[in-house]
Amino acid sequence: MTNLCLAKFNPDELLECHVYATLNVMRSLKDNFFWVPELTNENFWELLFYAIVLHDIGKCATGFQKDPKNWGYRHEVLSTPFVEFLDYGEDEKNMIALAILTHHKYIDELKNSQMLPRLYYGVYKHKIKELLENKGYLINFYFPRIEDWELRIFRKKLKKFNLPKNWEEKIGNYNFNELLDWYDENVREKKTELIFLKGLLNACDHLA
């Protein structure tokens, strides 16, 4: 039996319902702020689309589903590794990853919280196991909707998200050090893109 996963509680909202509502806000912004790619990245709306699609996957962890208030971990840390399965270059994947990672906490807060794996992956590995306890929901309910959402938003299938056979191993071994090093080296050059991605991800999430 596959468990359903909630993104919001009291009232309850399924993860795919929350994400689709968030994408509908993005579609409205895309229609009205059509000039944003000129300031940021020609693929900006695609990057924001996948940031939205992936941003709350970490909430599927069983501990979060049982008691989100007292779970004691950051769901966005578990969501971030899924950018590895996007068919974009390193810079674009890292910008999406950073938008997801920081959509609730700034990066300095995460570095100081000891929840961001840098030297010790023990707690992270344990939380990934919790996430994978609900992999049936992701495989059977969530990931199959992505191409439908692409059609709704872009009127075509982008097919940029492709899950490999060893995806469970890859998310467990995601290299947060490389991501944070990239940030330190590129934050000035990519500042505008990073601000718009994080800012509009937050806006879509909150308005939804």
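1. Helix 3. In this predicted model, helix 3 spans residues 44–54 and is mostly covered. Of its 11 residues, 11 are buried. The list runs through Phe44, Trp45, Glu46, Leu47, Leu48 and Phe49, then Tyr50, Ala51, Ile52, Val53 and Leu54. Note that Glu46 is among them.

2. Helix 9. This helix covers residues 135–142, and Tyr137, Leu138 and Tyr142 in it are buried. Seen down the axis, these buried residues fall within an arc of 100°, so they line one face of helix 9. What do they pack against? Helix 1 and helix 3 are two of the partners. The others are helix 8 (122–132), helix 10 (146–154) and helix 11 (167–172). So point 1 and point 2 meet here, because the buried residues of helix 9, which line one face, pack against helix 3.

3. The surface patch. Turn now to the outside. Phe33, Phe34, Trp35 and Leu39 form a nonpolar patch on the surface. Together they have about 420 Å² of accessible area. Phe34 sits in the loop between helix 1 (15–32) and helix 2 (36–39). Is Phe34 buried or exposed? Its relative accessible area is 59%, over the 50% cut-off, so Phe34 counts as exposed.

4. Cysteines. How many disulfides does the structure hold? The count is 0.

5. Leu101. This residue is found in helix 6 (residues 90–101). Leu101 is buried, with a relative accessible area of 0%. Which residues touch Leu101, leaving aside neighbours within four places in sequence? The contacts are Glu76, Val77, Thr80, Leu110, Leu116, Phe176 and Leu179. Tyr137 of helix 9 is buried too. Leu101 and Tyr137 are 36 residues apart in sequence, and their C-alpha atoms are 22 Å apart in space.

6. Salt bridge at Glu76. Side chains of opposite charge can pair when their charged atoms come close. Here the count comes to 6 salt bridges. One of them joins the side chains of Glu76 and Arg74, at 2.9 Å from N to O. Glu76 is buried, at 0% relative accessibility. Glu76 is also one of the contacts of Leu101.

7. Lys135 and Glu168 meet through their side chains at 3.1 Å, N to O. Lys135 is partly exposed at 34% relative accessibility. Glu168 is partly exposed as well, at 30%. Helix 11 is also one of the helices that the buried residues of helix 9 pack against.

8. The side chains of Lys157 and Glu147 form another salt bridge, at 3.3 Å from N to O. Lys157 lies in the loop between helix 10 and helix 11, while Glu147 is in helix 10, so the pair ties together parts that are 10 residues apart in sequence. Lys157 is partly exposed, with a relative accessible area of 42%. For Glu147 the value is 31%, which makes it partly exposed too.

9. Most residues other than glycine have a negative phi, and most peptide bonds are trans. Pro11 lies in the loop between strand 1 (6–8) and strand 2 (13–14). Arg155 is not a glycine, yet has a positive phi of about 60°. Arg155 is in the loop between helix 10 and helix 11. At 77% relative accessibility, Arg155 is exposed. Lys159 also has a positive phi, near 55°. Lys159 is found in the loop between helix 10 and helix 11.

Note on methods: Residues are numbered from 1 along each chain as its sequence is written. This is a predicted model: local features need pLDDT of at least 70, side-chain atom pairs count only at pLDDT 80 or more; totals for chains, interfaces and linings use all residues. Side-chain values use heavy atoms; hydrogens and water are left out. Patches are made of residues with over 30% relative accessible area and no salt bridge: like charges are joined within 9 Å, nonpolar side chains (Val, Leu, Ile, Met, Phe, Trp, Tyr) within 5 Å. Accessible areas come from the Shrake-Rupley method with a 1.4 Å probe; for residues, only the protein chains shown count as cover. A salt bridge is a side-chain nitrogen of Lys or Arg within 4 Å of a carboxyl oxygen of Asp or Glu. Helices (H or I, at least four residues) and strands (E, at least two) are DSSP runs, numbered from the N terminus. Buried means under 20% relative accessible area, exposed over 50%, partly exposed in between (1.4 Å probe, protein chains only). A disulfide is a pair of cysteine sulfur atoms within 2.5 Å. The arc is that of the directions from the helix axis to the C-beta atoms. Contact means heavy atoms within 4.5 Å.
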